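User: I am new to this structure and would like to learn how to read its main features. Could we take them one at a time?

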Amino acid sequence: MSKTIRLGSRTSKLAVAQTEIVAQALKGCFPDYNFETVTKATLGDNVQDKALYAFGGKSVWTSELEEMLVSTGPEGIDMIVHSLKDVPTNLPNEFKLGAILDRTDPRDVLVVRSDLAHKSLSELPPDSVIGTSSVRRMAQLRRRYPSFQFKVIRGNINTRLAKLEDPEQGYTGLILAAAGLLRIDLGDKITQFLSSPDVLYAVGQGALGVEIKKDDEFTQSLLDKIKDMPTTLSCTAERSLMRTLEGGCSVPLGVETNISPDGVLTIETCITSVDGTEAALSKLSRKVQTEDEAESMGKDLAQQLLSQGAGAILEKINYDKLNEH
């Protein structure tokens, strides 16, 4: 009887599609095993009326699935497939990232309501209402387009697109991750791909991360066959940068990362105040060959950002958050 490996996933169409990408990659390397997707709704899926930063940060996407990962009962799983941008930079002690897969387009995109003729941010009317629940996206866009209005939008991709098309909701456009739309064949909805200087993307965006128990050497041996080293180095540096700044979900940290064929990693990064009036920018290029070197590069880039004034911006954000409660 062939061995069955169980992959945990959130219930959304995108999460299941991403889990299937990992299952197919593993099946290609291990055709004699069965790879089964097990779904569970998380707190982040169930609470749809609040922005993510208002009720617990990134762990809302991960903690229920982590309970299944440590379970020895019939609902136990062997690994969890995540959008890497949703994975906290500090995992609980008993878990680790076993693999990061090849990255899909990491950029953010603009999706304009279909009855409007505008095709880019620069064409949108000054009073446009942009739907996003990301502090990072709002902060960067306020800096470039101070007259835009922002309205929090939650829900899976199809729910957000339906809200966009409903005139009663009043959205002009949405900012979404390109990877999510592309993975569920909705790339035709994209009006504009966004990049520096308009919007730098989230740490880990576009990459899939697979979480496992730290001591699970068997599952690690499977994942070693499908991890993508250039993406692993890029995302390790990005996550180290965020960890050093104690980023978390609500800090407006954007990155734009490239790695050359000969291993030179270049990261452009920015921290933007929530109102968009202040920003600290930095850029670093370095030859990186190991995950430890990528960790060090992320730390060094964080220090550069702090020397450019990021510390004062972060202090103000944390002070404002404390005074909300």
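User: Over how many bridges do E11 and E12 pair?

Analyst: E11, residues 253–259, pairs with E12 in the antiparallel sense over seven bridges. Within this pairing, Asn 258 stands opposite Thr 266 of E12. Four residues lie between the two strands of the hairpin, where Gly 263 takes a positive phi near 90°.

User: How many bridges join E12 and E13?

Analyst: E12 and E13, the latter spanning residues 279–287, are paired in the antiparallel sense over nine bridges. Thr 266 has Ser 285 of E13 as its bridge partner, and Ile 271 has Ala 280 of E13. The hairpin of E12 and E13 has six residues between the strands, and its Gly 276 adopts a positive phi near 80°.

User: Is strand E12 mostly covered or mostly uncovered?

Analyst: In a regular strand, the side chains alternate between the two faces of the sheet. E12, residues 264–272, is mostly covered, with seven of its nine residues buried.

User: Which residues have the most contacts inside the largest nonpolar core?

Analyst: The general idea is that in soluble globular proteins, nonpolar side chains tend to be buried together. Here the largest nonpolar core has 25 residues, and those with the most contacts inside it are Leu 241, Leu 245, Leu 253, Ile 267, Ile 271 and Leu 305. The elements giving it two or more residues are helix H8 (229–244), E11, E12, E13 and helix H9 (291–324). H9 gives the most, with nine residues. Apart from this core lies another, of 17 residues, among them Ile 5, Ala 23, Val 210 and Ile 226.

User: With which residues is Ile 267 in contact, leaving aside its neighbours within four places in sequence?

Analyst: With those neighbours set aside, the contacts of Ile 267 include Ala 237, Val 255, Leu 284, Met 297 and Leu 301.

User: What is the strand order of the five-stranded sheet?

Analyst: This open sheet has the order E2-E1-E3-E10-E4, and its pairing is mixed. The edge strands, E2 (34–39) and E4 (95–100), each pair on one side only. Neighbouring strands are turned by 35° against each other on average, direction ignored. Within the sheet, E3 (residues 79–83) and E10 (residues 208–213) pair in the antiparallel sense over four bridges. Ser 83 has Leu 208 of E10 as its bridge partner. Helix H1, residues 13–29, packs on the sheet by touching E1 (4–9), E2, E3 and E10, and its direction makes about 155° with that of E1. Helix H3, residues 63–70, touches E1, E2, E3, E4 and E10, and its direction makes about 45° with that of E10.

User: Where is the pLDDT below 50?

Analyst: The protein averages a pLDDT of 91, and 90% of the residues score at least 70. Over residues 44–60, however, the pLDDT is below 50, although this stretch has 39 contacts in the model beyond near neighbours in sequence. Where pLDDT is low, the predicted coordinates should not be read in detail.

Key
Residues numbered from 1 in each chain as written. Heavy atoms only, no water. Buried < 20%, exposed > 50% of the residue type's maximum accessible area, 1.4 Å probe, protein only. Pairing = 2+ DSSP bridges. Core = buried A, V, L, I, M, F, W, Y, C linked by side-chain atoms within 4.5 Å. Contact = heavy atoms within 4.5 Å. Axes fitted to C-alpha atoms, helices over the stretch in contact; angles between N-to-C directions. pLDDT = per-residue confidence, 0-100.
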